[in-house]
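Okay, everyone, let's get going. Have a look at the structure on the screen, and I'll walk you through a few spots in it.

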Amino acid sequence: MVLPAPRRPIRDRGFTLVELLVVIAIIGVLVGLLLPAVQSARESARRSRCSNNLKQLGLGIHNVISAQSDQFPFNRDAMKGNVTNTGSTLWGLSANGSFSWISMALRVMDYDDAVRGIDYKQNSNAGPNLAISQRIIPGLLCPTNSTQAKQVSTLIDNEGAGGGTNFGRTDYGGSLGHIWGGWKDCSAIPDFPDTRTPSRFTRGSAGTPWLNQQALNEMPNGNGVFMFATPRLLSEIRDGTSKTIAVVEDMHWRGGSTDPFDFGVNDVSSWMPSISAVTSLRNPLNNTNLSWQLGAGDRRCSGWSSFHPGGAHAMYADGSVQFFNESIDHIVRYSLATIRGGESVTTD
């Protein structure tokens, strides 16, 4: 009888340390290759949502234009008793309060319930307006901005302080054009040269007018789609609605002149009052130049800005949205900011 050959004992074989390290290294390389693609996809989604927010604001603006005799929704700065030509007939305004164009556009958007009940006859921080102004409006928040959705505002309107209350934030601001005016007078930013029209960028000139935010007689000097007060007519945009910027991303950065740059939100960033809902496009896009800043938290130096890599969105007066590189030439920026300059400009 032939006996079977003895069976070899089966030994469990695991990974050696070297093999394990090789596998970990390969996984690390694959993750390293994949991570930028994931981050890029996430940023693309955030940019899309941010762009869509602007498009929805554009629809709201044009709904107002259709309903209100071709008038854009207007900023309503407190005029100390003088409401002449500020839309008192259309909106039933009194002499009190300071309300943004945003608060008026939201009334004809999906956020009507959130802003219903605003009393335009009282100050922005009085009566029912105080609670309403603290509401978070998702369509006013760009997903790349991770700061708190409610921010302390020391200036809720020009007639009264916010009292340290947390108000709902806005990441979008209406363009005042290329102006030098109250609460938007960042003196650290130089007058950019223009050899063809030397005076165009001089602060206080006809090309870059000074506007007192409470002086109605100065509002006609403005060259943007929005003003501190009084409504703009659609017919006033002589350069064409597809070539004039109406709304930009505005993260309301605190800034400051000391390193590192403070990307926190300044104390005037809420959507209800007029002063935080508008910005001057005289300030460069993504202005983080420390030498072009004033003191820490000086709100006058904030402006067109975003956390998107390399630039920010803007919405034209016709409601279309475009992403702009932060290196945009200042003459191009000026041309897109003004409503009646007659410039020929290409943004491709």
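First, a term we need: a residue is called buried when its relative accessible area is under 20%, exposed when that figure is over 50%, and partly exposed in between. And keep in mind that this is a predicted model.

Let's start with the aromatic rings. How many aromatic pairs does a search of the whole structure find? The search turns up twelve. One of them is Trp-180 with Trp-210, an edge-to-face pair, with 6.2 Å from centre to centre and 65° between the planes. This pair ties together distant parts of the chain: Trp-180 sits in strand S6, Trp-210 sits in strand S7, and they are 30 residues apart.

So, are these two tryptophans buried or partly exposed? Trp-180 has 14% relative accessibility, so it counts as buried. Trp-210 comes out at 34%, so that one counts as partly exposed.

Here's another pair, Phe-201 and Tyr-334: the ring centres are 5.1 Å apart and the planes are at 70°, so this pair is edge-to-face. Again, distant parts of the chain are linked, with Phe-201 in the loop between S6 and S7 and Tyr-334 in helix H6, 133 residues apart. Both Phe-201 and Tyr-334 are buried. And there's an aromatic cluster to find on the screen as well, made up of Trp-253, Phe-261, Phe-263 and Phe-307.

Now over to the strands. Find S5, residues 172-175. S5 runs antiparallel to S8, and three bridges join them; in this pairing, Tyr-172 stands opposite Glu-249. S5 is also joined to S11, by two bridges, but here the strands run parallel. Gly-174 is the residue opposite Val-278 in S11.

Next, Leu-130, which is in helix H5, residues 129-133. Its relative accessibility is 29%, so Leu-130 counts as partly exposed. Which residues does Leu-130 touch, leaving aside neighbours within four places in sequence? They are Ser-124, Asn-125, Thr-165 and Phe-167. Phe-167 is 37 residues away from Leu-130 along the chain, with 8.5 Å between their C-alpha atoms.

Last stop, the largest pocket. There's about 170 Å³ of space in there. Its lining includes Asn-53, Leu-57, Met-109 and Tyr-111. Sorted by class, the lining has five nonpolar residues, five polar and one charged.

Okay, that's my tour, so over to you for questions.

Note on methods: Residues numbered from 1 in each chain as written. Predicted model: local features only at pLDDT ≥ 70, side-chain atom pairs only at ≥ 80, totals over all residues. Heavy atoms only, no water. 1 Å grid on protein atoms, 1.4 Å probe; cavity = no way out; pocket = protein on both sides within 12 Å on 5 of 7 lines; lining within 4 Å. Points joined across faces, edges and corners; volume = space filled by probe spheres on them. Nonpolar A, V, L, I, M, F, W, Y, C, P; charged D, E, K, R; others polar. Pairing = 2+ DSSP bridges. Helix = DSSP H or I, 4+ residues; strand = E, 2+ residues; numbered from the N terminus. Buried < 20%, exposed > 50% of the residue type's maximum accessible area, 1.4 Å probe, protein only. Contact = heavy atoms within 4.5 Å. Phe/Tyr/Trp six-rings, centres within 6.5 Å; stacked < 30°, edge-to-face > 60°.
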